Each structure stands twice: as structure tokens, then as C-alpha cells.
Amino acid sequence: MGTFQIDFGNTRPQRIAGIDLGTTNSLIAYMDASAPKVIPGADGDPLVPSVVALAETGAIVVGNAAREALVTSPGRAIYSVKRLMGLGIDDVTEELKLFPFRVAGAGESVLKLSLGDKTYSPPEISAFILRQLKQNAESALGEEVRQAVITVPAYFNDAQRQATKDAGRIAGLEVLRLVNEPTAAALAYGLDKRKEGIVAVYDFGGGTFDISILKLQDGIFEVLATGGDTHLGGDDIDNLLLRIALEDIATEWGMDVSSKGGAVQLLRRAVIHAKHELSTLPVTSIAFDYSGRSYRRELTRELFDQLITPIIERTLSPCRQCLTDAGVTPEQIDEVVLVGGSTRIPLVRSAVERLFRAKPHTELDPDKVVALGAAIQAAILSGDVQDQLLLDVTPLSLGIETMGGLVSKLIHRNSTIPSSATEVFTTAVDGQANVLIHVLQGERELVKDCRSLARFDLKGIDPMPAGMARIEVRFLIDANGILNVSARDLRAGKEQSVEVKPSYGLTDEQVEGMILESIEKAEEDFQERQAREARVEADTILAAVEKARQNDAFYELEETERDQITRALNELLVVYHGDDHLLIRSKIDQLNHATMKLAENMMNTAVSQALKGTKI
Amino acid sequence: MRLGSCWQCEHPAENNLFCTYCNSLQRPMTDYFSFFGLPHKLRLDETELQKKFYQLSKLLHPDRYTRRAQRERDYSLEATAILNNGYRVLRDPVLRAEYVLREQGLENGEPRSAQVPPELLEEVFEWNMALEELRDGDASVLHQLQQARDTLRGMQRDLDGQLHSQFDAWDNSQDLAALGRIRGLLDKRKYVQNLVSEVEKALAA
């Protein structure tokens, strides 16, 4: 029985994707009927390595394909770019010592990295990863994906969040929400459990560490407190092992390979492999072969544990602080959830178990759980999931600079977001037309110890004696954890104009420029991709027709019918290598049409033959 | 307070969060007690407060308005910010009392200095000496400071008890004198609180 489908045109709501933009790997997921699902890439791997490379042909490649370039042409590949998001040039000197990247255009206001002969800002590099994920999802779902939820470390500051949002925009995605990674993970665990109680989420990934404590009740996931370190992760363990191996090799071979990019990447891969093995084995070895020489070093789990203890320790003090901030004792924690690849390390598991006095949950794949949670949050936004709601907090206090280089706090850390505060400003000099407000993020008392966020310039104040102006400024942290500032002239009762000068990251104009650039690129890419897809389809029908021409049924056709098929076949072959996908498709249709009777005849023959062979 | 009519259907406004006619979210009002639908009282049922907070979050949170009109999205953001700020203030007895002081015009928002309770003057002097000595490495004052901590904690409990009975006094009489007493108790409590954390910090070191 058929059913009537009434289509009022544009009624089907757009699907919102959930994206985990990770330091090491990135994933895209969506909500399928009732459960979140991760979408694999063309190579079948759901984990897309967060590596971007510039191929010799000038094309950008992302993921597993780009990972090879790290070893073969290290100057043309970038990894772990998440660690550089939202940073200024001065911040990265220390960080970049560990990476083989080159900073381009010193003296520019924005951090840019060299990739072959081109330069890109970290949000642009991240946008390449996002575009790949978007494409993977579009191929799998057969529809355009334009809206997304992207996860960020809970401890990301305003600039890092803004940079992530910019990356989404450059990739052609409307970022409907930034969700904190540990909170997303809690959502993924909470969905099938519907538990009530206090949950701690320990999220130790490739480059960042987060701890969040949540209260689950009545479908509400209320974050009580969060803490972390945005520059602490598995990368640090790799770098530690790498340094030791490099020293070893220098002594053994009398040769410093640390300046040879490809060799360092090969060795990095070897130490990562050893690290992974030690999650299940008591002993392994680091194996590295380079220019005819070979290096082997045994590594026991015992020694490994000793080496990484200081790194694990660094995750524990934010955990203790978070417990205090949440106002709970370790005994009150009902569940502990582990997220991120680094939680596969046995020492991490036992340290967490000891601290929270609870056996951690590991049922869900720690590499996928954040993406799954992002997909659930996407379904909450689209209205497909209605019985759950996340209430998150801001990880850092927000303040303004006052007299003497001090910071006056306006919104305290761990405040539930959205959160707002207002402050009234006035002028210090007669006729003063501008007031500059310096906004900072951080917990310390002095401006120099906090992170400068932006300067807001209240412009065009009506001339009046000093101290008479009354400008009310409203600071609002939205549900993404991003600051919005608006101002009102209380005397005139009108909106006051505010000019934003971000301390780090990109201005709106810069982002717009990058979007335009990437749209042009995306158009080209899109054309190219559609043509490729049309060719794949053409291959299928060409092969089928070729086979059918050997069939008896072909010769049973009228001659004109045979001619029609041959003509359509040739016409398709003519347009096959062009890049006009519409033309290819129209010729496919033509060939399909011409072979309809042939296909029917073949089907009938096949059926009657099958029936002949069947005993009833 | 809001006047006029619904922005969406122009139905006369009745100071509700949602228009009684077309159910559109309205520009939120800012008084925390009314916002939560709770009586203007200092004594407050915390379980009830949390229940209201969750209920209102489910109604107002921006997550619920992604696909609605820009106007409603703006109001949702504004309303949720008020809801969250209100919850933070109302669930903490000290912040709640400060809020009522401001509402009743007893406070202009300027920070007040934490006053030394006169009956403590002499002891505070001694404790400060002991703190100084401990910082200089003299461990013999440890016992004295532990006693000080216990005394101060006892005072805190006592002050909290007094505060609660003054909360009742205000709730029952709406007598501004009760609020004045509450203000005095808050200042004293703040002073004791500062002292306790200083002593605790010294003992932990």
C-alpha cells in the first residue's frame, strides 16, 4: 500500500551535525532516529587525523592522507593546530619549539603558519579539517550540511572559542553552539542511562586536559564546576619520550637527527606506537630505522609510569580544585567518566580511581564519546531531543582593568552561562568623547597576570563636564562561553556605540576575507567533486552496458534500438572527461533511457531461466 | 516593569514571561523573586528554588530557541542570563540578603568595610601576633591558632543562627529595623569569615 506524502516545499528541517575538532583526531556525528552515530570518511575511518598537508599538486589534503606527508615532506604538513588556536605570536614561541612549524610573516598582528609556499592562520588550518568532515558527512548523508555544533575544551578562553567559531565560518558552517567537551561526553553517557547523581568527567586528550563535575537530575545536566589546562595532553608525553630517544640516538650514533624534520616525525611515530602498546603490554620497544642505521630501546611500563608521573600529577590538582569549587567531596561522586585517548594509559586510570574513589566508566570509546555527545546536543538544538538540557559554566572569571593595574571581577568563574553583569562608566576629563575599557579573563588580581581579552572603545560620548557621563556597559557571556558587550548612554537614553579591538585572534573583517577566499576555493572543489561523482556513476552504467552487449538479449533488439544504445554510449564517453557534471548526468540519463528495453528483456530472460531450474 | 503589549501579537501585556495569547517569549522582568515566582521572603525553600530553576531553564534556555525569531532568541538569552544570575544570588543566603538590602534602598552597591566586632578587638590583636609568629617559623603558637580557628567557627555558626532569626523577623514584619540588624550581622560575618580563612591558610601551610 502506498502512502500520501504531502510536501509543502522547504518543510524538512536541516540536519545539524556534531563535530569533535580534536588535537589529534577529529570526528563528525549525527543523530540517527534515536542514537548518535559517527560518520566515517571515504577511507572508512571515523577518526580523521587533524593533519593538514599541501600536496605537490598544490591541493590541500586532510586526515590519513596528510599524515604520510608529515614524514615525507615535513615542511608541507601541520598537526596539533588546536594548541595554537586563539594565541598571539608572542604566546607561541615556547609552544613552537616542540613543533616543526614555521611562523610566517613575523611582525604581522595575526599568527600565521607556513604550509609549503602558502601561509595560513590556525583557524584557516582548522577550517580545512572542518571542510573535510563536512564533505564526509555530505557524502554519507546525501545532503548538504550547513549547521553544526562544535566541541571545545571546557577550559578554552574567549579567544580560543572565538577562533574555533571563526574556523567554522571559514569552512562554510553556521556554528550554532560551542559545547564543552566533557559536558558533551556526559551527555553521551547520560542518554542511555538516565541516572541521577553527581558525575565527574576526566577528559585527557591529545593536547588539552579538562575536568568537569556535573549534577544530573530531571534530564538537566548542570555543570557545578570545571577546570583544566589547555596545554597539557598526550602530546606532552610524546614529546617527553621523543626527547629521551633523540638524546639516546645522539649518544649511540654520534649524530643529531633532531634537525631532520622527516626523521623526527618517524621517531615521533615510533614513540607513540610504544606508548600505545604500553597501555596493554608490560614491556615494549621503541624501534627506529633511519638512513641505514637502526635504534632499539626497550621501555617497560614501570619506567614509562615513572617518566609520566609528573604529567599525570599536573592533571590532579585541577581535579582537587574542581571538587572544592563544586562543593562536593570525593565520596559524593557517583560516577566517573573517562574521555580522550590518553585515558587509555593504565596509570591515568588508577590515579583517577584513587582520587575520586570510584571505578571509572569506559563503556564508550573514549575517542568517539565527545562527537557522540555533540550530535546529541545538535539534536537538542534542532528540537529532536526535548527531555534533556545542558547548563554549562564559564571556566574563567571575567574582569575589567581598574586603577593601578588591578582587575575588578564582574563575572566569576563557574557561573552558569548565559551570565551577565553591568557596570556604569563615566569620563575623567571635561569634554572627553571616548572611554576605553580593557576586559580580561583570569583569576589573578593584577592585569599583567590575566589574559587580555579585548579593548572596548565607547565612542562619540556627548561633550559634558568630567564625571557627568553615565554609560552603562553590559557584559554578557552567551551559551557558547563567548563575551558580548553592549552599552547604553543612560542620560541620552540611547544605544552607545562600542568598537571592539580583540587582543588576539582575528577581527571580523579578517574572518570575512578568509570566508570569501574559501568560498571561491569551495566552489572549485565542489564542481570538481560533483564531476568526480558523476564519473563514478558513469563508470557503473558503462560497465553494465558493456556486459549487456555480450548478452543474447542485445541481439534480439531491433537494429534501430541497438543503434540508439551505441549512440548514447558514445555520447557519454565524449563528455566523460569534461568537468561539467550536469552534462555527464544528462548523458547517463540518455543511456539509461536507451537501454530500458534491453534491461527489461534481460530481466525476463533471467527470471524464466531461474524458474526453469527450480523444481516446484 | 514591562508596560504595553506583546511584541508579536500586540495582546495587552500582563507581566508574564510568555504572552497569554500567542505564547511568545516576552522581554523579561528583572526582579529575581518575581522571576522565580517566589514570595519576597528571605527564608526560602532551597529544594523549591532548584525545582523552579530547572523548570524555567527548560522553558527559557537559548537551546530551545535556535529555530525561532531573532527577537525571541534575544529575549531567551536575556531571560536566561537573569535566571542564572538570580539563581546564584537567591540560593546563597548572604547574597540573597544583600540583594534585599539593595532592593529596599538600604544599600547603594558600594562595598562596605568588614567591621571588627568590638568584643573581638583584643583577641584579634593576639591572633594577628600569633599569625605573625607562625609565619616567622615559630610553631609554638600552633595550638593557640587552632583554638582561635575553633572559636571563630563557633562564632560563624552563632552569627548564621542570628541571621536566620532576623530573616524571619523581616519576613514577618517587613520592618526596616530588622534589615538594619541583618546588615550589621553580614558585616560582622564577613570579618569573621576573612579571619577564619587567614588562620586556616596559615595552619595549612
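The conversation below goes through confidence, sheets, helix packing and the contact between the chains.

Biologist: What makes you willing to discuss chain B, and where is its confidence lowest and highest?

Modeller: This is a predicted model, with ipTM 0.82 and pTM 0.81. On a scale that runs from 0 to 100, chain B has a mean pLDDT of 84, and 90% of its residues reach 70 or more. Within chain B, helix α5 (residues 121-135) has the lowest confidence, at a mean of 80, whereas helix α2 (residues 46-60) has the highest, at 94.

Biologist: How do you know that β22 and β25 of chain A are paired?

Modeller: Pairing requires at least two bridges between the strands, and seven bridges join β22(A) to β25(A) (residues 471-477), which run antiparallel. One of the residues concerned is S419(A), whose bridge partner in β25(A) is I477(A).

Biologist: Why are β21 and β22 of chain A said to stand at the edges?

Modeller: The order of the eight strands in this open sheet is β21-β20-β23-β24-β27-β26-β25-β22 (chain A), with antiparallel pairing. β21 (406-411) and β22 of chain A each have a single partner strand, so one side of each lacks a neighbour in the sheet. Neighbouring strands here are turned by 30° against each other on average, direction ignored.

Biologist: Which helix of chain B packs on that sheet, and what does it touch?

Modeller: Helix α3 (residues 70-90) of chain B touches β22 and β25 of chain A, and its direction makes about 90° with that of β22(A).

Biologist: How many residues does each chain bring to the contact, and which elements of chain A supply at least two?

Modeller: Chain A gives 17 residues and chain B gives 14 residues. In chain A, α10 (369-382), β19 (389-391) and β22 (419-425) each supply at least two residues. By class, the side of chain A that touches chain B has 10 nonpolar, five polar and two charged residues.

Biologist: What makes β5 and β6 of chain A a pair?

Modeller: Again the criterion is at least two bridges, and three bridges join β5 (residues 51-54) to β6 in chain A, the two strands running antiparallel. V52(A) stands opposite V62(A) in β6(A). Helix α1 (residues 64-72) of chain A packs on this sheet, touching β5, β6 and β7 of chain A, with its direction at about 70° to that of β5(A).

Conventions: Residues are numbered from 1 along each chain as its sequence is written. Chains are lettered from A and ligands numbered from 1 in the order in which they are written. This is a predicted model: local features need pLDDT of at least 70, side-chain atom pairs count only at pLDDT 80 or more; totals for chains, interfaces and linings use all residues. Two residues are in contact if their C-beta atoms, placed from the backbone, lie within 7 Å. Helices (H or I, at least four residues) and strands (E, at least two) are DSSP runs, numbered from the N terminus. Ala, Val, Leu, Ile, Met, Phe, Trp, Tyr, Cys and Pro count as nonpolar, Asp, Glu, Lys and Arg as charged, and the others, Gly among them, as polar. pLDDT is the predictor's confidence in each residue, from 0 to 100. Axes are lines fitted to C-alpha atoms, for helices over the stretch in contact, and angles run from 0 to 180 degrees between N-to-C directions.
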